Amino acid sequence: MSVTPCGFTRTPEKGLARLHWGDTGWAVEGQPPDVPALRPLRGLEIEWPDGRVPLDGLLGLAAAGVPLTAENAPPWVPGDLAALLTDREWLDHAADGTARSLGDLRREEHSVRLRRLAHPVAAPQVSIVMATKRPALVGQALAQMERQRDVRAEVLLGLHGVRHDEVRDAVAACSLPVRWVEAQSSVPFGEVLNQAAGLASGDHLAKWDDDDWYGPRHLADLFMAMSYTGADVVGTTAEFFYLEPLQATVRRTTFASGASYPSEVFADHVAGGTIMVSRAKFHEIGGFPGLPRAVDLEFLKAAQKADARVYRTHGLGYVLRRGLSADHTWQLPLSHFLKVAVNQWRGFRPSLLMEAA
């Protein structure tokens, strides 16, 4: 299917329009649907015809990420699609005023669910690559990897100054295939990642950070984006942050400069803990740079020099944990994240797509 969510508008300027069956197909207010022209709309309200009609055009709009809704669905609409279309909770949130950004978030979550339905893909073989210096975090990271749906995954651990004995129980409890390498603390972080990646047997590599949170369709959504765009490297927006010392969750949709930080675009920047790339392209790029810091940034630079196309998909299935800046290779003070926040909540408050308890 050639229709994609590329160009999705996170904050629409207009309200709902009417999607109905015309003389020759689905129409929006009497005109054939034109996806770029629909981007400013909050969504489309479906008016069903009296009899059965083809759903291809409607599914094409879903594939484009256009939010669709209906008060009811006739019996001939497949159950999974009908359930999504008639789930109107996202409309209950205000589309203006102080709750505007929350309403936009619920709208985007609904859009992503529709995209998943309209872009079915075969489960890919993914090699998850994670380097860690913190054995206490390995168990929770592996548990999140086990939750991943619609992928066939293996885990490759780079134990960075960590002995296997320190993570033996966590590895033994994991139902996924797990292999590991042990490296001295003096080995650069990027080189540890490369050593772990060298064990990969999957068609794709996915980088994973030990202290972040990932939704159960994180990997499947990355692969879906790779499939509908043809991109060489995909990743998500770095949108949700849990600020551990403050016990608060913040969400950003702009850069510190005030520039827009959209999803569903070809871009030079994605969240480093979400990079997915085919194994062949990974080796063509030259692997991760053997550096102690800025490994993700330098990998993305190398990818662009190798003429690899980088695509940034939605970040609703990913939350970055931030403690004191000294604890992270990406060193920014907590005040930075508060300044760029469009939403701020007490406690751990991720997107609903995280399916967090």
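This is a predicted model: local features need pLDDT of at least 70, side-chain atom pairs count only at pLDDT 80 or more; totals for chains, interfaces and linings use all residues.

Q: OK, what's the strand order in the open sheet of four strands?

A: The order is S2-S1-S3-S4, with mixed pairing. Strands here are DSSP runs of E with at least two residues, and helices are runs of H or I with at least four, numbered from the N terminus. Two strands pair if DSSP finds at least two bridges between them.

Q: And which strands stand at the edges?

A: S2 (26–28) and S4 do, each with a single partner strand, so one side of each has no neighbour in the sheet.

Q: How many bridges join S1 to S3?

A: Five, between S1 (residues 16–21) and S3 (residues 43–47), and the two run parallel. Leu 19 sits opposite Ile 46, and His 20 opposite Glu 47.

Q: What about S3 and S4?

A: They're parallel too, joined by two bridges, with S4 covering residues 68–69. Leu 44 faces Leu 68 there. S3, helix H2 (residues 56–63) and S4 form a right-handed β-α-β unit; right-handed means that, with the strands pointing away from the viewer, the path from the first strand over the helix to the second runs clockwise.

Q: Back to His 20: buried or exposed?

A: Buried, at 12% relative accessible area. The cut-offs are under 20% for buried, over 50% for exposed and partly exposed in between (1.4 Å probe, protein chains only).

Q: Which residues is His 20 in contact with?

A: Leaving aside neighbours within four places in sequence, Gly 25, Trp 26, Ala 27, Glu 29, Gly 30 and Glu 47. Contact means heavy atoms within 4.5 Å. A polar atom of the His 20 side chain lies 3.0 Å from the backbone nitrogen of Gly 30.

Q: Switching topic: which residues of H10 are buried?

A: In H10 (residues 295–305), Val 295, Phe 299, Leu 300 and Ala 303 are. Seen down the H10 axis, the buried residues fall within an arc of 130°, so they line one face; the arc is taken from the directions from the helix axis to the C-beta atoms.

Q: What covers them?

A: The cover includes helices H7 (189–197) and H9 (279–285), plus strands S10 (233–236), S14 (276–278) and S15 (310–313).

Conventions. Residues are numbered from 1 along each chain as its sequence is written. Side-chain values use heavy atoms; hydrogens and water are left out. A polar contact is a pair of N or O atoms within 3.5 Å; within protein, one must be able to donate a hydrogen and the other to accept it, and residues adjacent in sequence count only if both atoms are side-chain atoms.
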